[in-house]
Amino acid sequence: MEHVIFVPAIYHIDEISQLASLLSFIDSRIAVKDKKIVLYLYSNRKVEDKDINYLKTFPANQIVVSENELFSDWEWPYIEAITQHINTIKPHAVISTSSDFIKSILARVAARFSCGFAVDCTDLIFDEGTHNYSFLKPAYAGNINAKILVKNSSIVFATLKIKNVAECSFEAVDKKVEIVESLFEGLKPFSGKIKIIEKNLAQNIDNKLESAKIVIGVGRGIKDKENLKYAFELANLLNGAVGVTRPLVDMGWIDKEYQIGQSGKVVSPQIYFAFGVSGAAHHICGIGSPKLIIAVNKNKDAQIFKIAHYGIVADATSVMKSFIKAFKSRLKGC
Ligand SMILES: Cc1cc2nc3c(=O)[nH]c(=O)nc-3n(C[C@H](O)[C@H](O)[C@H](O)COP(=O)(O)OP(=O)(O)OC[C@H]3O[C@@H](n4cnc5c(N)ncnc54)[C@H](O)[C@@H]3O)c2cc1C
């Protein structure tokens with residue numbers, strides 16, 4: 001009997017490179033005869049050819065791109081679609097990335113099947129004998145790895161926080177990607193009890209935090225929301241991404257998509273700058289293991305200096321501005 005792992009993904013939310021990482025991770029962790037990995041990519045627009053070509057190289061046995069204009073910013077059409085696909089595919093496990101959007105979708109789908117749901121896991125252990133799944137998940141600010149054993153669940157539901165694609169390699173094989181325009185009947189415009197009155201998209205976020213090799217980390221020490229623009233300028237210059245501590249999100253300075261840490265994203269840069277970041281465990285557990293940490297903090301005893309390779313005791317914003325000037329002149333003509 002085939003052991004089916006269903007990976008639902010959303011085109012405008014999941015980075016394609018993250019999906020490659022996720023699939024190769026699942027492929028490497030689940031060693032069982034007759035394993036079948038099925039990827040469904042849901043999209044409300046035409047998936048670009050370059051992405052289709054990349055998908056074809058993924059370690060999956062079946063890849064279906066489901067294009068339907070009803071797949072929008074609202075969870076409901078995805079819940080219906082994924083429920084129907086689970087009923088058809090009959091998977092043993094449903095595993096996705098850990099974006100907030102897909103978590104809120106899969107939580108409802110798991111409830112429909114009366115199954116538990118393990119979220120934000122960082123590792124997967126599969127028992128070849130019993131076919132039991134267990135997951136590791138950081139707890140107590142990353143100080144321990146909690147083991148979650150899934151028992152007596154007809155389908156295992158989980159989301160994984162996977163690091164950069166570079167760490168998960170796979171042998172690319174050119175294969176067919178099935179593109180289905182309108183996959184099933186019954187997906188009608190939203191008709192539930194909730195009415196969408198208006199949509200206000202906060203901002204168009206194109207930060208690529210999870211795959212960035214250089215992250216400009218910013219904390220409360222930058223003092224003013226206005227100073228965030230220097231972090232973005234520096235990130236732009238270095239082809240990196242901006243990541244922040246939770247207080248900046250709580251104060252409404254920036255969207256949660258930028259938050260790094262226990263209740264934010266887990267990143268894996270090679271270089272991490274920390275401007276006005278205290279170095280609290282809740283934040284540091286999300287920065288991975290960078291080869292280089294450069295910290296700027298006014299307090300010489302700040303926690304961050306304990307893990308930094310280079311430390312500068314100074315005002316965070318002034319140093320950011322100096323770095324911008326220096327990099328601009330060094331990178332001129334590059
Ligand atoms: C359950 C839970 C989950 C959490 N999840 C997260 C999470 O996901 N991510 C996260 O980041 N936090 C998280 N937190 C919060 C976390 O514990 C810390 O409070 C937070 O990371 C601190 O952010 P900060 O370093 O920006 O602020 P602060 O702790 O206020 O530190 C500011 C730093 O800036 C320095 N500074 C001040 N002025 C200047 C200046 N002019 N120039 C340079 N440096 C200056 C200070 O010396 C200080 O070190 C969580 C907390 C809990 C309880």
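This is a predicted model: local features need pLDDT of at least 70, side-chain atom pairs count only at pLDDT 80 or more; totals for chains, interfaces and linings use all residues.
1. Start at one pair of residues. Asn 297 has Val 313 in S15 as its bridge partner. Strands S14 and S15 pair in the parallel sense, over four bridges.

2. Now widen the view to the sheet around that pair. Five strands make an open sheet, in the order S12-S11-S13-S14-S15. The pairing is parallel. Strand S12 (241–244) and strand S15 (310–313) stand at the edges with a single partner strand each, so one side of each has no neighbour in the sheet. On average, neighbouring strands here are turned by 15° against each other, direction ignored.

3. Two helices lie across this sheet. H8 lies across S13, S14 and S15, and runs at about 135° to S13.

4. These helices also pack on each other. Helix H5 covers residues 228–237 and helix H8 covers residues 316–331. Their axes are 10 Å apart, at an angle of about 25°. H5 and H8 are therefore roughly parallel to each other. The crossing of H5 past H8 is left-handed.

5. Look next at the residues in that contact. H5 brings Tyr 230, Ala 231, Glu 233, Leu 234 and Leu 237. Residues they meet in H8 include Met 320, Phe 323, Ile 324, Phe 327 and Leu 331. By class, the contact of H5 with H8 has nine nonpolar, one polar and three charged residues.

6. Turn to the ligand. The shell around the ligand holds 27 residues. The closest are Gly 219, Gly 221, Gly 261, Ser 278 and His 283. By class, the shell has 15 polar, seven nonpolar and five charged residues.

7. There is another open sheet, with seven strands. Its order is S5-S9-S4-S1-S2-S3-S10, and the pairing is parallel. Strand S5 (117–121) and strand S10 (178–180) stand at the edges, each with a single partner strand, so one side of each is left without a neighbour in the sheet. The twist averages 20° from one strand to the next.

8. Strand S2 spans residues 35–43 and strand S3 spans residues 62–67. They pair in the parallel sense over six bridges. Ser 43 stands opposite Glu 67 in S3.

9. Helices pack here too. Helix H1 (residues 16–29) touches strand S1 (3–10), S2, strand S4 (93–96) and strand S9 (156–160). The direction of H1 makes about 165° with that of S1. Helix H4 (residues 100–112) lies across S1, S4, S5 and S9. H4 runs at about 170° to S9.

10. Finally, follow the antiparallel strands. Strand S6 (residues 123–126) and strand S7 (residues 133–139) run antiparallel, joined by four bridges. Phe 126 stands opposite Tyr 133 in S7. S6 and S7 form a hairpin, with six residues between them. In the turn, His 131 has a positive phi of about 65°. S7 is also joined to strand S8 (residues 144–150), by seven bridges, and these two run antiparallel. The bridge partner of Leu 136 in S8 is Lys 147.

Terms used: Residues are numbered from 1 along each chain as its sequence is written. A residue is near a molecule or strand if its C-beta atom, placed from the backbone, lies within 6 Å of it. Ala, Val, Leu, Ile, Met, Phe, Trp, Tyr, Cys and Pro count as nonpolar, Asp, Glu, Lys and Arg as charged, and the others, Gly among them, as polar. Axes are lines fitted to C-alpha atoms, for helices over the stretch in contact, and angles run from 0 to 180 degrees between N-to-C directions. Angles under 35 degrees count as roughly parallel, over 145 as roughly antiparallel, 65 to 115 as roughly perpendicular and the rest as oblique. A crossing is left-handed if the near helix is turned anticlockwise from the far one by less than a right angle, and right-handed if clockwise. Two residues are in contact if their C-beta atoms, placed from the backbone, lie within 7 Å. Two strands pair if DSSP finds at least two bridges between them.
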